[in-house]
Amino acid sequence: MTGILVRASRVVPVGSSLRMSLQLSQRMRPIMASGSVVRILGGNQMGIQLHQLTVPDSERLQEFLLPLIPAE
C-alpha cells in the first residue's frame, strides 16, 4: 500500500511532491496523504509513491481495495 496510479486531466513532473485527499466512498472519511510522482504513463496518468500513511489510513485503503481485486 505504498503507491497509487492516478488518471488526471493535468499531470505534474516526475519528482513533484503532492498532498492529496483520497475520497474512497461516500461512507468513508477521506484519507489525507502526501506522496511523490515517480512516473508518468500515457500522458494523463501519474504513478505516485505514498509517504507515511498512518496505520488506520492504510487499513482503510486496504479495506476499500481488497474487494476490487478479482478472485482467481
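Predicted model: local features only at pLDDT ≥ 70, side-chain atom pairs only at ≥ 80, totals over all residues.
1. **Sheet layout.** The model has an open sheet of 4 strands. Their order is S1-S4-S3-S2, and the pairing is antiparallel. Strand S1 (3–7) and strand S2 (17–22) form the edges, each pairing on one side only. From one strand to the next, the twist averages 45°.

2. **The S3–S4 pair.** Strand S3 covers residues 31–41 and strand S4 covers residues 45–51. The two run antiparallel and are joined by 7 bridges. For a point to check by eye, take Ile 40: Met 46 in S4 stands opposite.

3. **Salt bridge.** How many salt bridges does a search of the whole structure find? The count is 1. The side chains that meet are those of Asp 57 and Arg 60, at 2.7 Å, N to O. Side chains of opposite charge can pair when their charged atoms come close.

4. **Where the pair sits.** Both Asp 57 and Arg 60 belong to helix H1, which spans residues 55–65. They are 3 residues apart, about one turn of the helix.

5. **Burial of the two partners.** Are Asp 57 and Arg 60 buried or exposed? Asp 57 has a relative accessible area of 10%, so this residue is buried, the cut-off being under 20%. Arg 60 is buried too, because its relative accessible area is 12%.

Technical notes
Residues numbered from 1 in each chain as written. Heavy atoms only, no water. Pairing = 2+ DSSP bridges. Axes fitted to C-alpha atoms, helices over the stretch in contact; angles between N-to-C directions. Salt bridge = Lys/Arg side-chain N within 4 Å of Asp/Glu carboxyl O. Buried < 20%, exposed > 50% of the residue type's maximum accessible area, 1.4 Å probe, protein only.
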